[in-house]
Amino acid sequence: MDKDNQQPKLKAAVIGTGLISKEHLSFLSNSERAHLVGVCDISQAAANYAVQRFGAEAAYTDYHQMLEQAKPDVVHILTPPQIHKKMSMDCLSAGAHVICEKPITPTYDEFKELWDFAQKCDRHLIENQNYRFNQPILALQKLVEDGTLGTIGEVEVRMALDIRSGGRYADENLPSPVHKLPGGVIHDFITHLCYLALLFMPTFDYVKAGWNNHGGGNLFKYDDLDALIFSGHQHTRIRFSAYTQPDCFSVTVRGSLGYAEVDLFQPFVRCVVPRAVGKQFSPLANQFANGWTFMNASFTNFRRKLLQKTPYEGLHSLLEQTYQALQEDKPLPISFEDMDKTSRLVNALIAEENHL
């Protein structure tokens, strides 16, 4: 940023110090556009640690007190989804813009109510759709936009996570609040799957979703989702599995000329299209081209592991663009239409009448 034209920093605050807060706080602590004035958590120890680790001005256990005393321009809400709407409304009423973790609300009707309230307050409201800004997804979008893949006919977004064998979702003694969402634990991930699908599927006509609890028990509502989404000639599949391994987060787009796929957990971009060597030798040319891509990706991913880099690279880009837009009074990188379509698709997948 040109220091001669540098905008005043926006006062930022964070509510919630869970796992994702590290990414938000690390961005804010190093940003030239934000000044971290407060961190709030019901745990005083957690709030104090975040202040010490990321250099915030003050720790709070009551977000109302933080809004009154710190008077932030922007609040990051990183709490369980069931309280997003209430907290967001309180922050908007206090004059702060809101950056909210996904899902922004558990239902579409709640999202519309929250959005209308933000408009009445003349404040911005944005949902974290961070994976849209990861480099492999941007590369995949470019292949679609420049016509490399031809007319798009099929999209698949797949996530495999072993959520039942351990970790925060499998604790019977301290169940995660997301178990009580309409889609159970999968609801905590489905927003990502939906907005990525919608990048390549402008709209949808109807959906059919198979929700299952293959592992049984009372803790998990669902641990498997297999859904088909229809939009004209285009078919899209959204898949979540707690049993297939290894863990993956892949997006595949197939068109009339070829297909491309990416994996956000082990970043790579694979593209299979007709090559200049002709139809007979195109398969061989694709093997060479993608082999080189995989080799480079292997070295890059090994380096990422050593540096402890995570798949949240897109979050920092999203936040940078968001703060710049707020400073310069320009459109935010996530629009109402983006959030509206995503929330509607999540709602359609969860709706009982669309269950297989």
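Author: Let us begin with the elements: helices (H or I, at least four residues) and strands (E, at least two) are DSSP runs, numbered from the N terminus. Just after helix H5, aspartate 122 takes a positive phi of about 55 degrees. This is a predicted model, in which local features need pLDDT of at least 70, side-chain atom pairs count only at pLDDT 80 or more, and totals for chains, interfaces and linings use all residues. Residues are numbered from 1 along each chain as its sequence is written, and side-chain values use heavy atoms, with hydrogens and water left out.

Reader: What span does H5 reach from its first C-alpha to its last?

Author: The expected span of a helix is 1.5 Å times one less than its number of residues. With 14 residues, H5 reaches 20 Å, close to the 20 Å expected.

Reader: Which residues of H5 are buried?

Author: Buried means under 20% relative accessible area, exposed over 50%, and partly exposed in between (1.4 Å probe, protein chains only). In H5, Tyr108, Phe111, Leu114, Trp115 and Ala118 are buried. Seen down the axis of H5, these buried residues fall within an arc of 120 degrees (taken from the directions from the helix axis to the C-beta atoms), so they line one face of the helix. The face turned away from that buried side carries the exposed residues Asp109 and Lys120.

Reader: Against which elements do the buried residues of H5 pack?

Author: Contact means heavy atoms within 4.5 Å. The buried residues of H5 pack against helix H4 (84–93), E6 and H10.
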